[in-house]
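Trainee: Please take a close look at the surroundings of the ligand. Then place that part within the rest of the chain.

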Amino acid sequence: MPLVSLPLPDADVLLDEAFLTPVAAEALLRELTDTIAWRHEPIKLFGKEVLQPRLTAWHGDPTARYRYSGLALEPQPWTPALRHLRQQLEAASGARFNSVLLNLYRSGQDSMGWHADNEPELGPAPVIASLSLGSTRRFRLRPRNLARTPHAPVSLDLPGGSLLLMRGATQQHWLHAVPKTARFAGPRLNLTFRQIVGV
Ligand SMILES: O=C(O)CCC(=O)C(=O)O
Ligand SMILES: [Fe+2]
């Protein structure tokens, strides 16, 4: 399926709801769930150490070091499956990626809070390629500053096999989140491919 551009001001967001076939998405979900060394990382929340409400992993070129929510993440090497996926996403997006952050939402109780992928090591207008596998979860977007970007929050249901691209000024002017859901949700695995530049 093609990437479809979403009509959002001050953003450049594209979605392909069926980038991978269901069979390919299911196979990749199983392979990554079983072979990735998932970590349960602590974060500081209002000065207190708590565990992140999801499992994570970070893979990439050895030079792609990244600070994320106060953590200094050392990349693990590319696995064959991740290297192959990187090739597919570079071809689809026309961008280059030297790293990937993996998030495993074990159930509807796992989540990601409001944030932008705007760390300095991503540069001023990063291209983020976000591939989802497993259960459909709601992805929310909202303007950082309503006076500058007067727009209601946006909800996208991201099914397994979908590809979301965020480019241009998206991280500068919008925040995104994956809220908890009380509805039944099985495991969901999300991969965000990124290009870390030296700072
Ligand atoms: O799970 C998702 O769809 C979003 C992940 C995300 O925002 C991130 O890794 O920065
Ligand atoms: Fe993000």
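Mentor: Start with the strands. Strand E8 (99–105), strand E14 (174–178) and strand E15 (188–194) each give at least two residues to the shell around ligand 1. Helices (H or I, at least four residues) and strands (E, at least two) are DSSP runs, numbered from the N terminus. This is a predicted model, in which local features need pLDDT of at least 70 and side-chain atom pairs count only at pLDDT 80 or more, while totals for chains, interfaces and linings use all residues. Residues are numbered from 1 along each chain as its sequence is written, and chains are lettered from A and ligands numbered from 1 in the order in which they are written.

Now the shell itself. Around ligand 1 sit Leu101, Asn103, Met112, Asp117, Ser130, Phe139, Leu158, His176, Val178, Asn190 and Thr192. A residue is near a molecule if its C-beta atom, placed from the backbone, lies within 6 Å of it. By class, the shell holds 5 nonpolar, 5 polar and 1 charged residues. Here Ala, Val, Leu, Ile, Met, Phe, Trp, Tyr, Cys and Pro are nonpolar, Asp, Glu, Lys and Arg are charged, and the others, Gly among them, are polar.

Stay with E14. Leu175 belongs to this strand. Leu175 counts as partly exposed, because it has 18 C-beta neighbours inside 10 Å. The scale is simple: 20 or more other C-beta atoms within 10 Å means buried, 12 or fewer means exposed, and anything in between is partly exposed, with C-beta atoms placed from the backbone. Residues up to four places away in sequence aside, Leu175 touches Trp114, His115, Ala116, Arg142 and Arg144. Contact means C-beta atoms, placed from the backbone, within 7 Å.

The largest nonpolar core has 38 residues, and Val100, Leu102, Ala129, Leu131 and Leu165 touch the most other members. E8 supplies the largest share of this core, 5 residues. Such a core is a set of buried Ala, Val, Leu, Ile, Met, Phe, Trp, Tyr and Cys residues joined through C-beta atoms within 7 Å. Take Leu165. Not counting residues up to four places away in sequence, Leu165 touches Leu3, Val13, Leu14, Ser93, Val127 and Ala129.

Then Trp38. Trp38 sits in the loop between helix H1 (22–35) and strand E3 (42–45). Its contacts, neighbours within four places in sequence aside, are Leu55, Ala57 and Leu104. Trp38 is partly exposed because 16 C-beta neighbours lie inside 10 Å.

Check one backbone angle as well. Phe46 has a positive phi of about 50 degrees, although it is not a glycine. Most residues other than glycine have a negative phi. Phe46 lies in the loop between E3 and strand E4 (48–51). Phe46 counts as exposed, because it has 5 C-beta neighbours inside 10 Å.

Finally, the whole chain. The protein has 3 helices and 15 strands. Of its 199 residues, 34% count as buried. Among contacts with a separation of 6 or more, residues 24 or more positions apart account for 74%. On confidence, the average pLDDT is 95, and 96% of the residues score at least 70. pLDDT is the predictor's confidence in each residue, from 0 to 100. The model scores ipTM 0.99 and pTM 0.95.

Conventions. Two residues are in contact if their C-beta atoms, placed from the backbone, lie within 7 Å.
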